[in-house]
Amino acid sequence: MLDGCRALLSIATATTPFVFDQLLKAIRPYGTLTLLSTLMCEVVKVLMTNNTDEETWSWEARDLLLDTWTILLVPMDGSGGDALLPSEGKHAAANLFAMIVESELKVASASVTNDEGDSDYLQASISAMDERLSSYALIARAAIDVTIPLLTRLFSERFARLHQGRGIIDPTETLEELYSLLLITGHVLADEGEGETPLVPTAIQTNFVDIVEAEKHPVVVLSGSIIRFAEQSMDPEVRAAIFSPRLMEAVIWFLARWSHTYLMPLEEANCLSNDYQKQHQSINSRKALFNFFGEHNQGQVVLNIIVRISAMTLMSYPGEKDLQGLTCHHLLHTLVRRKTICYQLVSLDSWRDLANAFTNEKSLFLLSSANQRSLAQTLVLSASGLRNSEAANQYVKGLMGHMTTYLVELSNRSDLKSVAHQPDIIMSVSCLLERLRGAAAAAGPRRQRAMYEIGISVMNPVLLLLEVYKDESAVVYLLLKFVVDWVDGQISYLESRETASVIDFCMRLLQLYSSHNIGKISISLSSTLLSEAKTEKYKDLRALLQLLSSLCSKDLVDFSSDSIEATGINISQVVFFGLHIVTPLISLELLKYPKLCHDYFSLLSHIVEVYPETLAQLNSEAFAHIIGTLDFGLHHQDLEVVSMCLGALKALAAYNYREICAGKTGLVSAGHGNSPEGIFSQFLRSLLQLLLFEDYSPDLVSAAADALLPLILCEQGLYQKLGNELIERQSNPALKSRLANALHSLTSSNHLAFRLDRVNYQRFRKNLNSFLVEVRGFLRTI
């Protein structure tokens, strides 16, 4: 059986749906798609009969057959539409989908008597099952004129059962079935492809006026019935009786997926469907949906319902982090992704009520930190729907004003040090910092002025709180992250005077962080505490690295050295000071954290490129530490880290070579313990060793060439010596001559000159590629 399934999968990869279906018709009265459907129906029956968590042959057969359907139903040209099937194939797909739904509903009913916790089943349903549900959706879409009415009927039956049996029977089994139906239907109506594409009934090929009126369209009927069901959750009695947190998670998930697909104006739908129209000529079916939710003004009605349900979910299900996370991160965030929807949102009383609750409702302060941040970001992003910048900025100030006032008043309290460490104060401060972070992350041209003024108003409170909470690592991290997000969102919009204020604030922040030795670890800590402390330090250091990177980007883009000098702004001083703080705290062990490693080398490569003289000003210990980390990064397994290290080496060696050519001492003036010649000798040896004898990605050759050229120019004598040693180690005279010619060509062919300009870098890249192809196969280790 499994061999047969694998054979069908292999055949499907090499054929179109039409050809696949025809293969069997020469010897059977039915097509291959009918066989595929029949086989999978039998497998699904086995799974229904032997319902077990253990993976058996039937699990593998189901997955193989699902993969076969997926390959057949996803167009080979990569377009966003669904593949067309012959009529017999559509019938086969419809029969299979009906069996699949029956199976899923049986599993859902059986889960009622399952002793395992809901959380594990939920995780399997929404996350692990996502790929399988997407495959189910493809099958359903292949016969949409049958499968949508089927889903509508199944929902209607269960809605009626709940209504008739309320207060008489235990509705748990029906609710579990509704949960499963919501997940399946969400995929069918808004299946993910290149972006989520609205469902288009491919079986309908006539004009809109010849089909049905918009409100009778099958997708509108199904969507409307589910939304009306979800709206019942607003009734406290119904909510208590029916809408468990688990069912609400499926409702919110469905609304998020559905909203992203269908809540857009008709003109956007027309734009998105041009390519689709060429394939299926069914644009009028899509217009039916968007006319209903657009021109019939049902979109605003549905949007209002969704906002009301979202607000209710956040305030009526305290402690349900998964449910609140879906609401904040998926549903509400989906609503503000399009400016056209934001125009509608900000005009709704329900949205204003949500914003007011965010400011005043105490229950919303119990949301998790991530949800606090996401909700704040969403509410601020919605300001893009206001008609002008003045209104948008006023909205943001009104939304965040309470938080900034609280932080200012708290920081001005005479008894701050005694009250700051009370649990309720720490919780309030943490909550407000998360909200400020979310608002800062939503900065944009229309909202920038308000967020700049909010940040300026809390500069001094942030410094005071950093000093007070210097031993509270969690609060320190939130303070730093707010500053990072605020600076990152503001820095590109600021004029010189405003930039100067931000730079001054960042310098004061770094000085305060340094003065209290925040982030340093005592060697007397136990191994457990040491591990926890390193984790906290790792988070702080990432925040500081990100802050320095944001400042560097401003200097690179917006300011020449003359304008910096004229305005008194010197970002390089801040970066220099930041390096002195951060560098001693970043050990090679900490660089094993991938995110910290990436941020560190990203900043380092940028600093060496923009401020190479800054490294020359570092003391010997700090400079040696940076050189050590570069050597570590050069042999890293992450391709991007190696590339960034090569970029840093290029900039460092090029700076030294240019300084020497200009009659200056280059990096010798730094007075480091190891001579600069020794440093560049070390990296020249390391890079040649990597290129000639170690494994590396071919994608790195260009970056390696850009680093190798200035290293050779800095260490020409050593390069000649190493080349001669390589030649002498070849015992075969023919290979010795071949290597000598290759080494000569590396630095002389293609009219290469001893200059570091774009043309020479390009020539050297070609030379290095040719050199490696010529010699890597026969060289012996240095």
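Me: Helices are DSSP runs of H or I, at least four residues in length, numbered from the N terminus. In this predicted model, which helix supplies the largest share of the lining of the largest cavity?

Reply: The lining consists of L688, L692, Y719, L722, G723, L726, L743, L746 and F771. At least two of the lining residues come from each of α36 (676-693), α38 (716-728) and α39 (733-746). The largest share is four residues, and the helix that provides it is α38.

Me: How many charged residues are in the lining of the largest cavity?

Reply: Three cavities of 30 Å³ or more are counted, and the largest holds about 50 Å³ of space. Its lining has eight nonpolar residues and one polar residue. Gly counts as polar, and G723 belongs to the lining. The number of charged residues there is none.

Me: Is α24 roughly parallel or roughly antiparallel to α27?

Reply: The axes of α24 (residues 423-441) and α27 (residues 473-490) come within 9 Å of each other and cross at roughly 20°. Angles under 35 degrees count as roughly parallel. The relation of α24 to α27 is therefore roughly parallel.

Me: In the contact of α24 with α27, how many residues are nonpolar?

Reply: α24 passes α27 in a left-handed crossing. On α24 the contact is made by I426, V429, S430, L433, E434, L436, R437 and A440, and on α27 by V475, L478, L479, K481, F482, D485 and W486. By class, one residue is polar and four are charged, while the number of nonpolar residues is ten.

Definitions and conventions
Residues are numbered from 1 along each chain as its sequence is written. This is a predicted model: local features need pLDDT of at least 70, side-chain atom pairs count only at pLDDT 80 or more; totals for chains, interfaces and linings use all residues. Side-chain values use heavy atoms; hydrogens and water are left out. Axes are lines fitted to C-alpha atoms, for helices over the stretch in contact, and angles run from 0 to 180 degrees between N-to-C directions. Angles under 35 degrees count as roughly parallel, over 145 as roughly antiparallel, 65 to 115 as roughly perpendicular and the rest as oblique. A crossing is left-handed if the near helix is turned anticlockwise from the far one by less than a right angle, and right-handed if clockwise. Contact means heavy atoms within 4.5 Å. On a 1 Å grid over the protein atoms alone, a cavity is a set of points where a 1.4 Å probe fits but cannot get out, and a pocket is an open set with protein on both sides within 12 Å along at least five of seven lines; lining residues have an atom within 4 Å of a point. Grid points are joined across faces, edges and corners, and a volume is the space filled by probe spheres set on the points.
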